[in-house]
Amino acid sequence: MDCVDHVVLGAGAVGMAVAEALARRGESVRVVNRSGLRQPIAGVQSVAGDVTDPAFAASATCGARVIYQALNPPYDRWAKEFPGLQAAAIAAAEAAGARLVVMDNVYMYGRAGGRPFTEDRAYDAHTRKGRLRAAMSRDLMAAHAAGRVEVTVGRASDFFGPRAGQQSLIGDRVIPPALADKTASVIGDPDMPHTYTFIPDIGENLVRLGESDDAIGRVWHLPSPETRTTREVIGLVYQAAGTRPRLRVTPAWLIRALGLVNSTVREVNEMAYEFDEPFVVDASRAETELGLRATPLADAVQQTVHWYRAQARPSSAADHPTPPDADVPIGGEPMIDNTPAGTGARP
């Protein structure tokens, strides 16, 4: 396998956004996931395999200057698989002598408690997934402190945008209904302010982190469009679609009941606290110190609706069952490629 400068581990929405940002720069880039790319990107190599296999990982990351970790197992298999995925990414970057840029979320902070989340927030997770994320974050920083690998971490909130699919709150349950002049569905309190991060911004800003020596060894909150309530964001979707806003809130009791028989829904329930109060992710440090920026909300929504409209068929949960390399469900988790090569899992 020939050598490239940049390797993206994961071909979900975020992994593909990273690859596109690199391709726009004319960089040599390879995307690694279990099954290869379903839709090729000009100038981007694709290789399928198991990144937890050291021999394969070494071959796939040959010569890399920067490795982007955007792999993520299904919600209900986080504890079993996620630490191993991260360990494989660290080992691959160490062997290649590459910088490791890691996609992360804000689970480790726990409840907002009436305050925006900043990078100096103490880890106070009260959920299983939050405690796991906290432990993994400490492992990353320990690997950096030990001199094993240069690590940079980017954290984001719930995402929306191209390829978001049914795993985004502002995705298949909202945009296709808006385009069809039908009713959108959401969970949680739609009148609470909630930060949503635009997928192309995540890709661009992760690449910016990989380019910046000043970003090394630190955690950065990735800029998001201005925070509004979920209802207001959905209103912008309907405005862009040219239809009348209509919104249905899935009752909490129904989500809890579904969780009794569906392990993924059960894991989503654990994160429902994020919609009980304002959930605001502050990225002012990255904006001030690194010059990172986000797309204005109205523009980001317009681009997202345009992408959905441009598809051959409107995406929907019924028309598009979640494929093996799809992303993780809602709840503050940036939806990134969910499986290492070879697991054959879905969220």
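This is a predicted model: local features need pLDDT of at least 70, side-chain atom pairs count only at pLDDT 80 or more; totals for chains, interfaces and linings use all residues.
**View 1. An open sheet of seven strands.** Let us begin with the sheet. Its strands follow the order β3-β2-β1-β4-β5-β6-β11, and the pairing is parallel. At the edges stand β3 (44-48) and β11 (219-221), each with a single partner strand, so one side of each has no neighbour in the sheet. On average, neighbouring strands of this sheet are turned by 20° against each other, direction ignored. Strands of a sheet pair through backbone hydrogen bonds, in either a parallel or an antiparallel way.

**View 2. Strand β1 and its partners on both sides.** Strand β1 covers residues 6-9. In the parallel sense, β1 pairs with strand β2 (residues 29-33) over four bridges. Look for Val 8 opposite Val 31 in β2, and for Leu 9 opposite Val 32 in β2. Four bridges also join β1 to strand β4 (residues 66-69), and these two strands run parallel. Here the bridge partner of His 6 is Val 66 in β4.

**View 3. The two faces of β1 and β2.** In a regular strand, side chains alternate between the two faces of the sheet. In β1, His 6 and Val 8 point one way while Val 7 and Leu 9 point the other way, and all are buried. The faces of β2 are both covered: Val 29, Val 31 and Asn 33 lie on one side, Arg 30 and Val 32 on the other, and all are buried. With five of its five residues buried, β2 is largely enclosed by the rest of the structure.

**View 4. Helices α1 and α6 meet at an angle.** Two packed helices are described by the angle between their axes and the distance between the axes. For α1 (residues 13-24) and α6 (residues 199-211), the axes come within 8 Å and cross at roughly 60°. The two helices are therefore oblique to each other, and their crossing is right-handed. From α1, the residues in contact are Ala 13, Val 14, Ala 17, Val 18, Ala 21, Leu 22 and Arg 24. They meet Ile 199, Pro 200, Ile 202, Gly 203, Glu 204, Leu 206 and Val 207 in α6. By type, the residues of this contact divide into 11 nonpolar, one polar and two charged.

View 5. The axes of α3 (residues 78-96) and α4 (residues 128-145) come within 11 Å and cross at roughly 15°. These helices are therefore roughly parallel to each other, with a right-handed crossing. Trp 78, Ala 79, Phe 82, Pro 83, Gln 86 and Ile 90 in α3 meet a set of α4 residues, among them Leu 132, Arg 133, Met 136 and Asp 139. The residues of the contact divide into nine nonpolar, one polar and three charged. Helix α4 also lies across β5 (99-104) and β6 (151-155), running at about 150° to β6. Helix α6 packs on the sheet too, touching β4, β5, β6 and β11, and its direction makes about 150° with that of β5.

**View 6. His 194 and its surroundings.** Finally, find His 194 in strand β9 (residues 193-194). His 194 has a relative accessible area of 2% and is buried. Leaving aside neighbours within four places in sequence, the contacts of His 194 include Ser 157, Asp 158, Thr 227, Arg 228, Glu 274 and Phe 279.

Methods:
Residues are numbered from 1 along each chain as its sequence is written. Side-chain values use heavy atoms; hydrogens and water are left out. Axes are lines fitted to C-alpha atoms, for helices over the stretch in contact, and angles run from 0 to 180 degrees between N-to-C directions. Angles under 35 degrees count as roughly parallel, over 145 as roughly antiparallel, 65 to 115 as roughly perpendicular and the rest as oblique. A crossing is left-handed if the near helix is turned anticlockwise from the far one by less than a right angle, and right-handed if clockwise. Contact means heavy atoms within 4.5 Å. Ala, Val, Leu, Ile, Met, Phe, Trp, Tyr, Cys and Pro count as nonpolar, Asp, Glu, Lys and Arg as charged, and the others, Gly among them, as polar. Buried means under 20% relative accessible area, exposed over 50%, partly exposed in between (1.4 Å probe, protein chains only). Two strands pair if DSSP finds at least two bridges between them.
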